[in-house]
Amino acid sequence: MLTPILKVENLSVRFFLEEEKRLLPALCRVSFHINENEVLGIIGESGSGKSVTLLSILGLLQGNPGIIEGKITFNTNGNEINTLQDISEYVTINNCETNDEVIRKNIHSWNKLTTKRYSKILGKVVSMIFQNPRLAFNPYYSIGKQIRESVLLHTKENNKNTAKETAIDWLTRVKMEAPALRYNNNPYGLSGGLCQRAMIAMALASEPQLLIADEPTTGLDATIQDEILSLLEELKKRHKLSMIIVSHDFNVMHRLANRVLVYFNGFIIEEGNTDVILDHKSDTHHPYTSLLLNTEYDDIRKKNDFSENTQDQQFENQNSSLNTINVEPKASFYNQCPYYKDCDRITSDIKDSCATSIPPLVSIHNNHKIRCWKFA
Amino acid sequence: MNNMTKKEIYKSKQKNTSSRSFFEGLILIYCVIILGSVFVAYTLTTFELVNVNYEDMDFDAILALPFTEGHLLGTDYLGRDIFNRLLMGTQAYLIPGLMAVSISIIFGSILGSLTIFKNRGIKRAISLSTDLLQTMPRLVLLMLIIAIFEADIYYIMLVIGVTNIPTVADLVSRRIDILRDKSFIEASIANGTPSHTLIGKHILWYNCRILLIGQASLGMAEAVLMETSLSYLGFGVQEPIPSWGNMVQTGTNYLLQGNLWSSTIPAFAIMLVLLAFYLIAEVLIKRIDKNSS
């Protein structure tokens, strides 16, 4: 049994709305783990909690008013660090009915504790590729020097000249043309694709055990997306990277991920190996996953031959997804489920439980888990 | 445009950029000459490298015109050499002004960079104090301070420096807001940059230095203006120690008698120095605009 690099157990995040004096759930009891040499994909619509997961793993949610519960355990060379340990001591929750401040947070000690814990983790164990690389670099500082700085900070390298050589080496490894010249370029002097390559080089230069990529191909052209994906594939093979990739693109998942999590409204609704999840001909899917797959693969849409009514219904469903932020997470998917009317196991019991309570995450086959009353 | 060949377009572009840099070069030369001569005058007078007789009265040449023998820029109503007094007058503002500027820049940038920790209290304090200072004219505040304490140039410059702190802090915190929008701060925290490197190196040095030097130049101009106007009103440097402000004041008494020079020459000197500081600030601000666009 491999020990996972990162283990997330029952992570829930709730934000506090100061004006309405109530808590907004953003993540509900999410659990997953990442083994070595494994790429985990997270897929889901915007607002489903993908980015919140990444931010809470990286400890960047610290200053915000809200509650984080659960366990995030990093395993670094045998030492286990739970970054959320004892952190709930600094938060007191009052009763919502009295119109006082609902949450009181000792932000100072909270920040102190998290920065102390994450100082050993950020950059050294985890590093991140950002969605828009040009905005994530320092605009007035050359990219090569920024990479060199990350080499000097996080590896045993102390000499500036040799660190420069390693930085240029990383730029060649991400297939930057004329790396020694590009070393002196400022970020606004690079095209989007080159900038993303530099970002990847910077993330890898600190030699992390785990790489987190937040929609690494979103702002790029189709051809450059393809180049970046093949680069990531190659790096994954050569350096035996463990990665978390967040995206809403099936192509990215298909090419990179070993396992895929499907998110919906802060829940993991389906989990399994990539070939199982992305198998659009299979019937054992959560209805939301099949909806996603239908939008991606045209052939199955034709094959299923949706009538005009169901398409209209789908359109309505998409509109209602805009309002999900104000809806309690319990009933939200029930409203949107396209198979709700034709559900073959729809007895009165299931109909009631579908409307009122959250289904459990049921293991169906090997690694494949689905959260739906149909399979419960 | 169609008639224009590529070469011509290229040439016109090149001409454009070169003319801009030519203009900037002229400004640079002007600023170096003016500020360099101020600095040289200061070092000459403080270390007494040259014997500057600013108090010696030449009774044979009272209210002499410029270019008279022995007096390059003429004399004032007591027959004192105006050129020597101009040189001596640099002592009145240079070091006190630098003190005021360094107080405002150092404390302002520290206060402003503390807003990186998302502390609302600091941000509120900055915006409140900028608003509060805008309601009160600086000169009135200075006169109040002089009335309470005493008319010492270092008190005045301390007040100018302290009242400029919120402006600098506001500039730095706005720059931090822009970087936060660009997700740079988040990214560098996520990649494990320690906060002192992030603030000192990345934010203050690489992103704010031009801004801060520009602000320092403006602050220096303001300090000179404040010192000279207070000295003109009789609250700053007192006679017989020369300041450009009190030189203008003593000269104005003889303006209507037909002696223009004893008041206009120091006034002209004030104008030249202020212009140099303002031009530096403007060139730097233009450079920021060009880079950010």
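In the predicted model, helix α5 (residues 153-181) of chain B and helix α8 (residues 209-233) of chain B have axes that come within 10 Å and cross at roughly 155°. Axes are lines fitted to C-alpha atoms, for helices over the stretch in contact, with angles running from 0 to 180 degrees between N-to-C directions. Because angles over 145 degrees count as roughly antiparallel, α5(B) is roughly antiparallel to α8(B).

Between the chains, 14 residues of chain B are in contact with 20 residues of chain A, a contact being two C-beta atoms, placed from the backbone, within 7 Å. On the side of chain B that touches chain A, α6(B) gives the most, with five residues. That side comprises five nonpolar, six polar and three charged residues.

Chain A contains 15 helices and 14 strands, taken as DSSP runs (helices H or I, at least four residues; strands E, at least two) numbered from the N terminus.

Residues are numbered from 1 along each chain as its sequence is written, and chains are lettered from A and ligands numbered from 1 in the order written. Local features need pLDDT of at least 70 and side-chain atom pairs count only at pLDDT 80 or more, while totals for chains, interfaces and linings use all residues.

Conventions
Nonpolar A, V, L, I, M, F, W, Y, C, P; charged D, E, K, R; others polar. Parallel < 35°, antiparallel > 145°, perpendicular 65-115°, else oblique.
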